[in-house]
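The following questions and answers concern a single protein chain. Please consult the sequence and the structure while reading them.

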Amino acid sequence: MINFPLFKELEAKRDKVNAYFHKETEPQLRERLQQFGFAPVAETMPGTMILTEQSTGNHYLLDITRYTITVRFQHVKNGETVKICEISNLELNAHEMLNLIIRAIDSYLQYGIVIDYESAQFAPKAK
């Protein structure tokens, strides 16, 4: 008797989670990101967004791809880009994702520190 999952079963589970995310969660997340201050880069690229600091002109670039949500900080003067958040757990709800993104941006904005976003997205939920 097989007592472990087959690879095709793992892929099927991942594909089901991703399909749900892109159909149900992503539209809510994009709406909330826009309320927070992000703006789509172009109508033809709804999953690519930008947020610009008023005082410095520096950018926070957000990309929603098939398997991840990535936020990068871009320093305008020197062109340096730093990945400050990458969400690969697409089972999180839009509220949890937004909170993680805001936490990552606030940490980098205030202190120049990249939070441990990998652990944060798999941390047990507070009850």
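Q: Which residue of E4 is the bridge partner of histidine 59?
A: The model discussed here is predicted. In it, strand E3 covers residues 59-64 and strand E4 covers residues 69-74, and the two pair in the antiparallel sense over 6 bridges. Histidine 59 therefore lies in a pair of strands that meets the requirement of at least two bridges. Its bridge partner in E4 is glutamine 74.

Q: How many residues lie between E3 and E4 in their hairpin?
A: E3 consists of residues 59-64, and E4 of residues 69-74. The two strands form a hairpin, and the number of residues between them is 4.

Q: In E5, what is the bridge partner of valine 71?
A: Strand E5 spans residues 81-87 and runs antiparallel to E4, with 6 bridges joining the two. For valine 71, the bridge partner in E5 is cysteine 85.

Q: Which glycine takes a positive phi in the hairpin of E4 and E5?
A: This hairpin has 6 residues between its strands. A positive phi near 75° is found there at glycine 79.

Q: Which residues have the most contacts inside the largest nonpolar core?
A: The largest nonpolar core has 29 residues. Those with the most contacts inside this core are Leu62 and Ile69.

Q: Which element gives the most residues to this core?
A: Two or more residues come from each of helix H1 (7-36), strand E2 (45-52), E3, E4, E5 and helix H2 (94-111). The most, 8 residues, are given by H2.

Q: Which isoleucines does leucine 62 touch, not counting residues up to four places away in sequence?
A: Contact requires heavy atoms within 4.5 Å. Under that cut-off, leucine 62 touches Leu33, Phe38, Gly47, Thr48, Met49, Thr70 and Val71, among others.

Q: What pattern does the protein chain follow along the sequence?
A: The secondary structure comes to 3 helices and 5 strands. Read along the sequence, these elements give the pattern α-β-β-β-β-β-α-α.

Q: What percentage of the residues in the protein chain is buried?
A: A residue is buried if its relative accessible area is under 20%. Of the 127 residues in the protein chain, the buried share is 32%.

Q: How far apart are the mean positions of the positive and negative charges?
A: The protein chain carries 14 positive and 16 negative charges. Their mean positions are separated by 5 Å.

Notes. Residues are numbered from 1 along each chain as its sequence is written. This is a predicted model: local features need pLDDT of at least 70, side-chain atom pairs count only at pLDDT 80 or more; totals for chains, interfaces and linings use all residues. Side-chain values use heavy atoms; hydrogens and water are left out. Buried means under 20% relative accessible area, exposed over 50%, partly exposed in between (1.4 Å probe, protein chains only). Lys and Arg count as positive and Asp and Glu as negative; His and the chain ends are not counted. The place of a charge is taken as NZ of Lys, CZ of Arg, CG of Asp or CD of Glu. A nonpolar core is a set of buried Ala, Val, Leu, Ile, Met, Phe, Trp, Tyr and Cys residues joined through side-chain atoms within 4.5 Å.
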